[in-house]
Amino acid sequence: MLRTHTAGQLTEQDVNKTVTLAGWVDRVRDLGQLFFLNLRDRYGLTQCVYESSDSNDSTMSSLKSLANEYCVQVTGAVRKRNAKDINSELSTGAVEIVIETVKVLNTSEVLPVQVRDDINVSDDLRLKYRYLDLRRSRMQKNMQTRHKTLQAARDALCEMGFLEIETPLLIRSTPEGARDFVVPSRLHPGKFYALPQSPQLYKQMLMISGMDRYFQFAPAFRDEDLRADRVPVHTQIDMEMSFVDQEDVHHAVETMMKRIFKDVKGVELEDKFLAMPYAEAMERFGNDKPDMRFAMELKTITEQAKQTDFKVFAEAESVRCIVIEEGSQVSRKDIDTTLLDKAKIYGAKGLAWTRVKDGELSGGVGKFLAPLKDTLMSLDDVKEGTLILFVADSYKVACAALSAVRLELGKKLDLIDHSEYKFLWVNDFPLFEQDDESGKWIAMHHLFTHPKDEDMQYLDSDPSKVRGKLYDLVLNGVELLSGSIRINTPELQQKVLDIVEMPREESEGKFGFLMNAFKYGAPPHGGSAVGFDRLVALLCGEDSIREVIAYPCNNQGIFPLDGSPAEASPDQLEELQIKFKKPD
């Protein structure tokens with residue numbers, strides 16, 4: 001080994017030992033006859049010191065030639081620092097190495113990106129030189145947290161009897177809501193594989209195979225538009241279980257999450273996570289992934305609003321409001337700019353408001369709301385100084401707009417305890433929703449979810465009333481997991497495909513192999529998939545999953561490090577029998 005210890009390992013127990021470290025030059029201080037070198041590796045940082053008054057000292061000359069990010073090897077004796085020089089912020093801060101020899105293992109050119117946590121450069125520059133970016137302390141901690149999270153999840157699942165099994169990465173194209181990445185076959189010209197958006201069909205067939213409990217850290221590929229929590233390929237903790245109901249899956253996931261948070265963060269989670277139906281989440285919070293770290297719930301006053309002469313309210317499909325108890329902290333400017341802009345993103349035409357002053361509804365639309373005074377004054381948390389915000393629109397728009405306003409107010413009014421981890425199961429989603437353009441029924445999540453038993457009667461007469469055995473797990477307003485109890489008979493699977501009007505020829509081509517497998521004793525089964533990158537980002541306190549992925553793409557789906565995607569050579573295209581037509 002080129003080192004006896006790491007740069008985060010030495011303590012007072014090692015004083016007087018001769019040790020060898022290897023790593024990168026983090027910082028040098030040349031004080032003439034006294035030279036300090038901070039050596040860094042992924043384990044930490046150690047101060048090394050050399051003192052000499054000899055102008056011909058070769059070791060001092062070697063040290064003075066060093067620059068940041070040179071890769072070096074240092075050998076010397078460990079000594080205790082003077083009390084006034086102890087650095088309590090470092091694990092090695094009580095000791096230093098008295099340099100005996102230093103060897104340059106490799107030099108470094110002038111850095112295009114500084115290896116410091118306080119840099120302010122473009123994301124593309126960081127991603128182009130990702131190997132330097134990953135040397136930063138913040139990024140090294142993120143990668144270590146990713147590793148610890150993976151290990152904790154694997155340990156928990158293995159202890160519960162799950163088998164880690166890999167499913168294919170080249171499959172038949174079966175789009176699940178996003179575009180597939182397709183891969184041409186050289187041996188079968190004109191035919192294509194797809195990269196899996198999830199291992200859904202294959203993990204279901206593993207249950208038919210009798211594997212009983214399966215998991216893998218599965219890459220999932222989706223050719224879709226990008227944002228902070230979406231990249232072309234992400235990782236999910238994919239799992240499936242046989243002979244289970246919804247509560248069994250919940251218990252397994254909760255057990256895994258408890259292990260992760262204990263091992264990675266030292267946090268003990270509650271024994272059982274909160275749960276609520278989808279309809280309740282929409283009514284109380286306006287969305288299906290509410291942040292439960294603060295209250296401020298939405299209220300519906302549609303029927304009462306019809307009593308007013310205010311046409312915007314009286315004629316609206318839905319009138320919903322949100323009560324801000326400490327309304328004085330929200331200015332008119334806040335309402336007309338920040339909050340209104342948030343509401344408009346989700347389709348709201350406006351954001352009406354009024355305040356409670358001297359027991360009356362004052363300002364904004366207050367003068368139009370006299371018939372609503374008793375209703376509004378009786379709402380929870382309404383008192384002197386309260387601000388009430390309204391959206392009058394479709395139920396869908398009112399929910400989405402006020403939900404966004406609620407989150408913005410939670411941040412502005414400092415209502416969120418960022419040390420809390422609030423998990424919530426959202427259950428009983430509608431199985432189907434209508435496509436806005438075609439009016440056809442589509443699956444809200446995916447096509448393989450079993451309807452709730454009590455709603456099976458509506459499959460033929462009114463699919464809008466059918467709820468699925470569906471569940472999402474939300475953490476602090478972020479959807480971490482989606483799952484369901486699956487269909488396990490070919491007849492019911494065909495019924496669902498008929499409701500979404502998938503032609504029999506198409507369904508046979510895409511899913512025939514799964515439906516055929518259902519004929520051979522398919523057990524009841526269900527499972528879920530955890531967004532692994534999202535989970536790690538939350539554990540690291542990062543807003544973007546790109547900060548916890550070693551080599552992510554940028555917002556345009558380009559990898560600046562290697563320049564991909566890149567053109568294929570003419571020889572490659574000819575071998576694949578593909579002709580590329582350039583766009584006009």
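Analyst: Buried means under 20%, exposed over 50%, and partly exposed in between, using a 1.4 Å probe and protein chains only. Keep in mind that this is a predicted model: local features need pLDDT of at least 70, side-chain atom pairs count only at pLDDT 80 or more, and totals for chains, interfaces and linings use all residues. Residues are numbered from 1 along each chain as its sequence is written, and side-chain values use heavy atoms, with hydrogens and water left out.

User: Where is Arg 222 found?

Analyst: Look in the loop between β9 (213-221) and β10 (233-242). Strands are DSSP runs of E, at least two residues, and helices are runs of H or I, at least four, numbered from the N terminus.

User: Which residues does UniProt list for "binding site"?

Analyst: The unreviewed entry lists Arg 222, Asp 223, Glu 224, Glu 479, Gly 531, Phe 532, Asp 533 and Arg 534. Such annotations may be inferred rather than shown by experiment.

User: Is Asp 533 buried or exposed?

Analyst: Asp 533 sits in helix α15 (residues 532-540) and counts as buried, because its relative accessibility is 3%.

User: What does the side chain of Asp 533 make a polar contact with?

Analyst: A polar contact is a pair of N or O atoms within 3.5 Å; within protein, one must be able to donate a hydrogen and the other to accept it, and residues adjacent in sequence count only if both atoms are side-chain atoms. Here, the partner is the side chain of Arg 146, at 2.8 Å.
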